[in-house]
Amino acid sequence: MPIASPKHALDPALLALGTAIKALRKTHGISQEELAHRSHIDRSYMSSIERGMQNPGVMTVVQIAAGLGVSVAELAAKARL
């Protein structure tokens with residue numbers, strides 16, 4: 001299990017991003033494991049991101065958006081960031 005981002009875990013922006021990722025994933029009927037595979041990241045890391053425990057880098061967000069079939073702008077808009 002990834003270690004939570006000590007400085008930013010549960011920050012409202014990370015919680016919003018995680019909620020948006022999870023909502024889009026469910027809308028597209030994709031399991032967390034499948035999205036992690038499509039995004040080229042570990043499933044436990046994906047879980048931590050969805051729970052707002054991780055502060056993913058820009059390239060990770062790009063990979064997740066691509067795995068969801070949306071743009072980073074669409075993902076950010078869904079998260080209201």
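Student: Which residues does Ile 41 touch, not counting residues up to four places away in sequence?
Tutor: This is a predicted model, in which local features need pLDDT of at least 70 and side-chain atom pairs count only at pLDDT 80 or more, while totals for chains, interfaces and linings use all residues. Residues are numbered from 1 along each chain as its sequence is written, and side-chain values use heavy atoms, with hydrogens and water left out. Ile 41 sits in the loop between H2 and H3, and a contact here means heavy atoms within 4.5 Å. Leaving out residues up to four places away in sequence, Ile 41 touches Ala 36, Met 46, Ile 49, Thr 60, Gln 63 and Ile 64.

Student: Is Ile 41 buried or exposed?
Tutor: Relative accessible area decides this, with under 20% called buried, over 50% exposed and anything in between partly exposed (1.4 Å probe, protein chains only). Because its relative accessibility is 15%, Ile 41 counts as buried.

Student: How many residues are in the largest nonpolar core?
Tutor: A nonpolar core is a set of buried Ala, Val, Leu, Ile, Met, Phe, Trp, Tyr and Cys residues joined through side-chain atoms within 4.5 Å. Ile 41 is among those with the most contacts inside the largest one, as are Ile 21, Leu 35, Met 46, Ile 64, Leu 68 and Leu 75, and the core has 18 residues.

Student: Which helices each supply at least two residues of this core?
Tutor: Helices are DSSP runs (H or I, at least four residues), numbered from the N terminus, and strands would be runs of E with at least two. Leu 75, one of the residues with the most contacts inside the core, touches Leu 17, Ala 20, Ile 21, Leu 24, Val 61, Ala 65, Leu 68 and Val 70 when residues up to four places away in sequence are not counted. The helices that each supply at least two residues of the core are H1, H2, H3, H4 and H5 (72-79).

Student: How many of the residues of H3 are buried?
Tutor: The buried ones are Ser 44, Tyr 45, Met 46, Ser 47, Ser 48, Ile 49 and Glu 50, and they pack against helix H1 (12-27), helix H2 (32-39) and H4. H3 is therefore described as mostly covered, with Ser 44, for instance, buried at a relative accessible area of 14%. Of its eight residues, the number buried is seven.

Student: Which residue has a side chain joined to that of Ser 44 by a polar contact?
Tutor: A polar contact is a pair of N or O atoms within 3.5 Å; within protein, one must be able to donate a hydrogen and the other to accept it, and residues adjacent in sequence count only if both atoms are side-chain atoms. At 2.3 Å, the side chain of Ser 44 is joined to that of Asp 42.

Student: Which residue forms a salt bridge with Arg 25?
Tutor: A salt bridge is a side-chain nitrogen of Lys or Arg within 4 Å of a carboxyl oxygen of Asp or Glu, and by this rule there are two. The N to O distance is 2.7 Å, and the partner is Glu 50.

Student: Why does that pair tie together parts that are apart in sequence?
Tutor: Arg 25 lies in helix H1 and Glu 50 in helix H3, so the parts that the pair ties together are 25 residues apart in sequence.

Student: How far apart are the closest N and O atoms of Arg 38 and Glu 34?
Tutor: Arg 38 and Glu 34 are four residues apart in helix H2, so they are separated by about one helical turn. Arg 38 is partly exposed at 40% relative accessibility, and Glu 34 is partly exposed at 32%. In their salt bridge, the closest N and O atoms are apart by 3.0 Å.

Student: What is the phi of His 40 near?
Tutor: Most residues other than glycine have a negative phi. His 40 lies in the loop between H2 and H3 and is exposed at 67% relative accessibility. Its phi is positive although the residue is other than glycine, at a value near 60°.
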